[in-house]
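Let's take a walk through this model together, one piece at a time. Keep the picture open while you read.

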Amino acid sequence: MNTSETAVLPRTSILPNGSGAAAILAAGTGSFALAVLAFAGDKSAAVKSSLVFYKPTGPLSGVTTTAILIWLFTWGILEWQWGKKTIAAERVIAVAFVLLGLSLLLTFPPAVDLF
Amino acid sequence: MEITMRSFWTLIHGMGFGALYLLACSGALVELYRFTTSSAPAEPTLGQERFLKGYMLVMVVLAWAAVLTGAYVIYPWYRAAAPPGTADLSMFPQRLLMSSPTTIGWHSLGMEWKEHVAWLAPISITMAAFVVIKYGRDLMHHRQLRAAVLSFTLISFVAAGIAGFFGAMINKYAPVQGGHTFQLSHGEEK
């Protein structure tokens, strides 16, 4: 048996939770940005046309590209702020869940049609 | 037996990347659930840790490959505008679906939902993979992070499932077709 496959590494110092919390909140923010942009594009012709970054794909190209940029930018900022810290993750994760829930709601066409 | 170029890409997107991602997701959910719900998770071996990290990375690649091929290869064929007066809409799937009250819902609900919700899958799974790779066995000490990773992976699975379901149904009622035809085999007459 290969010992490197079964060996358990000795425990070192515990990593702070800031980096993980930053990634989680950024994912929630990116998802929410995508949903808001999709919603805005659906409600406004001007927004819709401004989101056409690649004509064959239409506004979806702008919605997704912009959301990805917002997600990565948010992630970078949060990682810079929290990366080496231990933070109150419970509240941050709760906010991320709310954002993710709203994203699911705002991408559901019958919910969008209510507004 | 033959297949068109567009059908082939649809196959790559749906069966290759999408379905494989859903399968991989179910495996990841089981492993993450086991790891998350245990009050004192067993310390993984180096091999197990490496495997999980590699597994999550493959999932990230599959998720991004699925949405990118969907949005930039297949979707333009799907939403292509038919020239005015076109009677045969078979090459214009979106227009074909919208031409009948019995199929319009596959576009107005199915595609409108799928094209956006699908992107929650790669965003969520990229985060989950980052946390698993960054923390590794240290994740045992972060119950809240573990629970968040599991929940986002579940949402990723649901989002990919919605996209996969509507993708399959839309392709059933208005298949993306056209382009070069590949002969896969020559059938014999019975």
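## Getting to know chain B

Going along the sequence, chain B follows the pattern β-α-α-α-α-α-α-β, with helices (H or I, at least four residues) and strands (E, at least two) taken as DSSP runs numbered from the N terminus. That comes to six helices and two strands. Just so you know, this is a predicted model, where local features need pLDDT of at least 70, side-chain atom pairs count only at pLDDT 80 or more, and totals for chains, interfaces and linings use all residues. Residues are numbered from 1 along each chain as its sequence is written, while chains are lettered from A and ligands numbered from 1 in the order in which they are written.

Now look at the overall form. The C-alpha atoms of chain B fill a box of roughly 65 × 40 × 30 Å along the principal axes.

Next, find helix α1 (residues 5-37) and helix α2 (residues 46-78) of chain B: their axes, which are lines fitted to C-alpha atoms over the stretch in contact, come within 9 Å and cross at roughly 150°. Angles here run from 0 to 180 degrees between N-to-C directions.

Finally, turn to where the chains meet. In chain A, 36 residues are in contact with 34 residues of chain B, contact being C-beta atoms, placed from the backbone, within 7 Å. On the chain A side, α2(A) gives the largest share, ten residues.

Notes:
Contact = placed C-beta atoms within 7 Å.
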